[in-house]
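Work through the exercises below with the sequence and the model in view. Each task is followed by a solution in steps.

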Amino acid sequence: RAPVSGAHLYLCGPQGFMTHLQQQAQALGWRAEQVHTEAFSATLPPSAQENGESFTVTLASTGASWPVPADKTIARVLLENGVDVPLSCEMGLCGACLTPVLSGEADHRDTVQSEEEKSAPRQQIALCCSRSRSKALVIDL
């Protein structure tokens, strides 16, 4: 029950179950970076369905840009334009499509990254499910 230096806690299951266990672990002294989760299904923040705005995604390697409409993912737009995107689960659970963000503000909708990773100065975005809070997003692809 008590955390041990260098130990990690891995949780897998429904979101409510994991949230409860994360709260219990925190109360017992486990640090956020020691607790890792994997969900049975993708979870979206409550505001995710409300944000129907489009934005532009730009590839840093070529400068090519495309609009990402509300009904498509970044990954889908890139694939439709001939860009090779590594995909696996396509629900924000596996991390296969995590790509560094060079500029813009990511709207993280994945469950694979920790809150610390999602708020770090150098961030990655899950191309399969996340969006942009800014009008433009430049990714390192």
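**Exercise 1. Surface and burial**

Task: Find the accessible surface of the protein and the share that belongs to carbon and sulfur atoms.

Solution. The accessible surface comes to about 8,200 Å², and 51% of it belongs to carbon and sulfur atoms. Accessible areas come from the Shrake-Rupley method with a 1.4 Å probe, and for residues only the protein chains shown count as cover. The model is predicted: local features need pLDDT of at least 70 and side-chain atom pairs pLDDT 80 or more, while totals for chains, interfaces and linings use all residues. Residues are numbered from 1 along each chain as its sequence is written, and side-chain values use heavy atoms, with hydrogens and water left out.

Next, take burial. Of the 141 residues, 32% count as buried. Buried means under 20% relative accessible area, exposed means over 50%, and partly exposed lies in between (1.4 Å probe, protein chains only).

**Exercise 2. Elements and extent**

Task: State how many helices and strands the protein has, and in which order the elements run.

Solution. Count the elements: there are 3 helices and 9 strands. Helices (H or I, at least four residues) and strands (E, at least two) are DSSP runs, numbered from the N terminus. Then read from the N terminus on: β-α-β-β-β-α-β-β-α-β-β-β. Last, the C-alpha trace spans about 50 × 30 × 25 Å along its principal axes.

**Exercise 3. Val-85**

Task: Locate Val-85, decide whether Val-85 is buried or exposed, and list its contacts beyond four places in sequence.

Solution. Val-85 is found in the loop between α2 (74-80) and β5 (98-103). Its relative accessible area is 6%, so Val-85 is buried. Setting aside neighbours within four places in sequence, Val-85 is in contact (heavy atoms within 4.5 Å) with Ala-75, Leu-78, Leu-79, Cys-97 and Leu-127. Pro-3 is 82 residues from Val-85 along the chain, and their C-alpha atoms are separated by 38 Å.

**Exercise 4. Cysteines**

Solution. A disulfide is a covalent bond between the sulfur atoms of two cysteines. The test used here is a pair of cysteine sulfur atoms within 2.5 Å. Cys-12 is in none, and the nearest cysteine sulfur, that of Cys-89, is 12 Å away. Cys-12 has 43% relative accessibility and therefore counts as partly exposed.

Cys-128 is buried, with a relative accessible area of 7%.
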